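Have a look at the picture first.

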Amino acid sequence: MSSLSETAHGPGAHPPVLRHHFESLLNQKESSLLGMWVFIAQEILFFGGMLTAYTIYRNLYYEGFAAGSHHLDVTLGTVNTAVLICSSLTMALGVHAAALGKRKMTVLFLLLTIALGSVFLGIKVVEYADKFHHHLVPGPGFSAESLRDAHGQPVLDGSDTARHAQMFFALYFSLTGLHALHMIIGIPIIAWMARAASQGRFGPVYYTPVEITGLYWHFVDIVWIFLFPLLYLIPHHA
Amino acid sequence: MSTHTGGTPEPYGRPGAPPPPPEPPPQPLRESVNYLNVSYGVKSWLLTTDHKRIALLYLASITVMFAIGGVFATLIRLELITPQGDMVQSETYNKLFTMHGVVMVFFFLIPSIPATLGNFLIPIMIGAKDLAFPRINLLSWYIYMLGASFTMYAMVTGGVDTGWTFYVPYSTHYSNTHVIATGLGIFITGFSSILTGLNFIVTTHKMRAPGLTWSRLPLFVWAHYATSLIMILGTPVIAVTILMVALERGLHLGIFDPALGGDPILFQHLFWFYSHPAVYIMILPAMGVISELVQGMSRKRVFGYNFIAVSSLAIAILGFLVWGHHMFVSGQSTYAGLVFSGLSYLVAIPSAIKVFNWTATLYKASISLDTPMLYAIGFIGLFTIGGLTGLFLAALGLNVHVTDTYFVVAHFHYIMVGGAIMGYLGGLHYWWPKISGRLYPEGWGRVAAIIIFVGFNLTFFPQFILGYLGMPRRYHYYPEEFQILHVMSSAGASILAVGYLLPLAYLAWSMRYGRRAGPNPWDARGLEWEIASPPPTENFLVQPVVTDKTYEYGAEEDAAIV
């Protein structure tokens with residue numbers, strides 16, 4: 001800090017966690033929370049572009065999308081949904097513990113969140129591996145051999161259904177990949193929070209970083225809540 | 001707030017008194033501590049979190065990008081002097097206009113006013129010490145530089161030829177140029193824009209000084225708030241669209257590929273969903289600047305404050321509903337075209353509200369014709385021409401006639417160059433004493449403003465005629481009867497180039513040799529004029545409290561100043 005600001009404030013004039021340009025801790029916390037909400041608004045639009053593409057093609061090409069969706073493992077998807085919801089619960093408990101100043105509980109819950117997030121990504125890897133195995137990755141190597149249409153008939157390579165199923169998998173990989181990327185970014189941030197919590201940086205007066213990390217994590221969770229039915233349950237609709 | 005101003009010394013003695021003793025040798029003036037001299041060295045700039053220094057980092061970067069974009073423009077105008085494509089190959093010409101557009105739009109115009117003047121002024125205008133997130137502010141500059149490096153890399157290694165609009169399927173399947181690297185650069189830079197917008201929104205909500213209610217906010221801040229909303233809600237869509245182009249090009253995903261049932265028109269929808277509002281990212285901050293300039297240079301409270309403030313928000317909102325007017329000939333449904341056409345007309349209402357209110361402010365005001373005012377008047381005139389020709393283009397029938405002609409080129413240059421850049425330069429001159437602590441040479445300033453105005457009109461007005469007569473954009477061969485108009489345009493461009501080089505020279509000169517400016521050289525109202533020039537690091541030594549409406553030029557006050 002420059003000497004100017006020190007003379008302006010006097011050393012020790014405010015708590016060390018208060019950045020000098022905010023008037024109070026409350027002001028700082030409200031700003032950080034609003035910042036994260038604005039960031040989340042931006043994220044919604046970010047996913048929105050791809051979801052628009054999904055909506056249009058899903059309506060145009062139901063057969064192909066149903067065939068592609070039929071191949072996805074609903075059990076794994078459901079398990080993953082449950083895992084992610086549990087991680088949101090542990091995250092919320094972690095924020096609560098941080099607000100109460102319970103150091104060990106905060107660290108525990110944050111580590112649990114990381115563990116559940118990693119389980120989710122692990123299951124995702126298993127699912128991706130299956131798609132690679134069955135040549136369902138879009139591109140020149142794509143093959144519809146393993147797909148079945150809504151009537152249980154095999155999908156012929158080169159048919160419209162096969163082409164549209166390829167588009168389904170393009171959107172499947174783009175959307176889930178983008179979602180997974182958000183989790184891969186989130187996990188180290190939670191780890192960082194856990195480390196800071198273990199050093200006793202958070203307490204009732206100041207736990208904003210944990211709280212905004214929580215907001216981000218819940219957002220990523222909610223994106224999945226939308227992706228799961230959109231991608232996995234197409235042939236299951238009445 | 002008293003500060004050292006370094007102005008002329010007090011008159012020495014009374015009339016009739018004995019002549020003063022010979023002046024002592026000039027002492028080096030002791031400058032007060034400010035954001036410029038508080039610390040020195042490269043590190044103190046590259047790691048700064050001071051919004052004013054970050055504004056200067058942006059100023060330097062975008063000036064370089066403007067110069068690069070200008071070189072491409074120069075080459076285009078040189079090529080177009082003759083009807084034959086005799087200077088460059090067609091492939092090279094395609095790359096020139098693409099890179100001119102990419103650099104000017106994404107790396108100059110979009111960050112221009114928000115990242116420099118906005119960054120510098122918003123915290124000061126609202127009585128805060130800094131933006132809400134100073135480190136994110138610095139991060140946004142680094143992200144900008146990273147994005148610029150990707151795009152520069154693409155340009156140095158061969159360039160890109162798709163046009164700045166990256167239309168598929170050419171960009172995904174057929175172009176053999178660096179589409180992915182350029183796109184990645186734009187993708188990355190988008191996040192610097194998002195972070196700037198996020199910072200402005202939170203700052204405006206949470207950092208205002210006591211007493212500074214929303215209805216007292218300077219119009220510059222209102223305009224930037226509206227701009228930030230567009231940055232937050234529009235930019236992520238172009239980011240994901242470019243991502244999809246890159247994925248399609250690299251991995252053949254098929255989202256825009258008709259061979260798989262994809263639709264190239266979807267790309268146009270997604271692209272213009274951002275890129276039309278992006279026009280308002282460029283023009284709204286300029287409108288904010290003009291509102292300040294008009295009141296400051298005519299020393300009169302701006303007429304219709306509430307209307308100007310709300311019209312910024314109206315433009316931001318309407319701007320999201322008109323993207324289809326770029327696609328009248330793309331095969332979208334006629335009904336969609338009708339709706340988009342109608343909505344586009346609506347944008348004229350808030351725009352006209354601003355123009356009329358600025359004009360009404362000037363009525364019976366004591367107008368100073370110093371440089372900032374020349375830019376403001378130029379802006380109002382050129383923006384009106386640009387806006388009205390926008391209405392021509394929003395009309396379904398006429399649009400078909402002039403689609404993809406020089407008429408469109410002239411129209412958006414009137415908005416982006418005649419509007420946004422005039423606003424940017426006007427604002428830069430108006431706040432230059434605050435930024436640098438020095439006065440720029442007024443005579444040179446006026447000359448440059450007039451040269452730019454003349455050069456601009458000579459460059460772009462003939463293009464309206466060219467377009468109406470049928471000259472398509474993006475071609476460097478053209479029928480001989482168009483040559484006279486093209487030569488006029490190129491001649492104007494050379495005048496414009498001189499006009500742009502002049503401020504670069506005299507503003508740089510004034511940083512060292514200009515007369516020192518006091519805190520308020522224009523005698524204008526606003527918190528930024530109540531602190532020293534240049535401001536101290538934390539802007540305000542004591543927390544300001546706002547008790548008045550903004551832009552109060554009371555009669556008593558005037559008397560007190562005299």
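Q: Where is B:Pro169 found in this predicted model?
A: B:Pro169 sits in the loop of chain B that runs between helix H4 (134-156) and helix H5 (170-174).

Q: What makes the peptide bond that joins B:Val168 and B:Pro169 worth a look?
A: The bond is cis, with omega about 0°. Most peptide bonds are trans.

Q: Which other peptide bond is cis, with omega near -10°?
A: That one goes from B:Ser533 to B:Pro534. You'll find B:Pro534 in the loop between helix H15 (483-513) and helix H16 (555-561) of chain B.

Q: How many residues does each chain bring to the contact?
A: Chain A brings 37 residues and chain B brings 43 residues. The area buried between chain A and chain B is about 3,400 Å², and carbon and sulfur atoms give 71% of that.

Q: Why is the pair B:Lys206 and A:Glu30 called a salt bridge?
A: The closest N and O atoms of B:Lys206 and A:Glu30 are 3.4 Å apart. The cut-off for a Lys nitrogen and a Glu carboxyl oxygen is within 4 Å, so the pair qualifies. The rule finds one salt bridge across the interface of chain A and chain B.

Q: How many residue pairs are in polar contact between chain A and chain B?
A: The count is 10 residue pairs, with both residues at pLDDT 80 or more. On the side of chain A that touches chain B, the elements giving two or more residues are helix H1 (3-9), helix H2 (25-60) and helix H6 (160-198). H2(A) gives the most, with 17 residues. That side divides into 19 nonpolar, 15 polar and three charged residues.

Q: Why do A:Ile85, A:Ile222, A:Ile225 and A:Phe226 count as a nonpolar patch?
A: Ile and Phe are on the list of nonpolar side chains, and the cut-off for joining those is within 5 Å, so these residues form one patch on the surface. Together they have about 370 Å² of accessible area. Helix H7 (residues 208-232) of chain A gives the most to the patch, with three residues. A:Ile222 lies in that helix.

Key
Residues are numbered from 1 along each chain as its sequence is written. Chains are lettered from A and ligands numbered from 1 in the order in which they are written. This is a predicted model: local features need pLDDT of at least 70, side-chain atom pairs count only at pLDDT 80 or more; totals for chains, interfaces and linings use all residues. Side-chain values use heavy atoms; hydrogens and water are left out. Contact means heavy atoms within 4.5 Å. Buried area is the accessible area (1.4 Å probe) that two parts lose on being put together, summed over both. A polar contact is a pair of N or O atoms within 3.5 Å; within protein, one must be able to donate a hydrogen and the other to accept it, and residues adjacent in sequence count only if both atoms are side-chain atoms. Helices (H or I, at least four residues) and strands (E, at least two) are DSSP runs, numbered from the N terminus. Ala, Val, Leu, Ile, Met, Phe, Trp, Tyr, Cys and Pro count as nonpolar, Asp, Glu, Lys and Arg as charged, and the others, Gly among them, as polar. Patches are made of residues with over 30% relative accessible area and no salt bridge: like charges are joined within 9 Å, nonpolar side chains (Val, Leu, Ile, Met, Phe, Trp, Tyr) within 5 Å. Accessible areas come from the Shrake-Rupley method with a 1.4 Å probe; for residues, only the protein chains shown count as cover.
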